[in-house]
Amino acid sequence: MAILNPKSHHSMVRETQTLLLSHKHIHLRWLKAHVGYLGNECADQLAKEAITKGDPFLLPKPLSYLKAEIMSAALSIWQDNRNNGETGAVHTI
């Protein structure tokens with residue numbers, strides 16, 4: 001569905017869209033089940049081998065995860081500062 005979205009900003013989606021537009025002979029289709037489709041059964045087998053025999057690699061975390069981590073750290077620092085009286089000075093009248 002992401003590939004069908006012309007407004008997608010994700011680099012992998014944009015790259016896939018560009019490749020599909022420049023290679024008109026490639027068609028993507030969704031199949032309800034892989035059973036009985038030789039190409040899909042091969043893909044399943046290769047995916048299983050990659051999980052068990054392949055070299056692991058790390059995928060970068062999405063921007064939303066990083067934003068949440070930064071917000072959480074900022075709130076924690078703010079709360080510590082507030083608890084220690086370093087912000088929001090209290091005045092006795």
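How many helices and strands does the secondary structure of the protein chain come to?

1. Overall fold. In this predicted model, the secondary structure of the protein chain amounts to three helices and zero strands. Read from the N terminus on, the elements follow the order α-α-α, and the helix labelled H1 covers residues 11–22.

2. Burial and surface. The protein chain has 93 residues, of which 3% count as buried, a class that requires a relative accessible area under 20%. The accessible surface of the protein chain comes to about 9200 Å², and carbon and sulfur atoms account for 64% of that surface.

3. The largest pocket. Its volume is about 160 Å³, and the residues that line the largest pocket are Met 1, Ala 2, Ile 3, Leu 4, Leu 20 and Leu 28. Sorted by class, this lining has six nonpolar residues, with no polar and no charged residues. Two of the lining residues, Met 1 and Ala 2, are taken up separately in the points that follow.

4. Met 1. This residue is found in the segment before H1, and it counts as exposed because its relative accessibility is 90%, where the class begins over 50%. Along the chain Met 1 and Val 13 are twelve residues apart, and their C-alpha atoms are separated by 9.9 Å. Met 1 is thus described here both as a lining residue of the largest pocket and as an exposed one.

5. Ala 2. Is Ala 2 buried, partly exposed or exposed? With a relative accessible area of 42%, Ala 2 is partly exposed, because that value lies between the limit of 20% for buried residues and the limit of 50% for exposed ones.

Notes: Residues numbered from 1 in each chain as written. Predicted model: local features only at pLDDT ≥ 70, side-chain atom pairs only at ≥ 80, totals over all residues. Heavy atoms only, no water. 1 Å grid on protein atoms, 1.4 Å probe; cavity = no way out; pocket = protein on both sides within 12 Å on 5 of 7 lines; lining within 4 Å. Points joined across faces, edges and corners; volume = space filled by probe spheres on them. Nonpolar A, V, L, I, M, F, W, Y, C, P; charged D, E, K, R; others polar. Helix = DSSP H or I, 4+ residues; strand = E, 2+ residues; numbered from the N terminus. Buried < 20%, exposed > 50% of the residue type's maximum accessible area, 1.4 Å probe, protein only. Areas by Shrake-Rupley, 256 points an atom, 1.4 Å probe, with all protein chains shown as cover.
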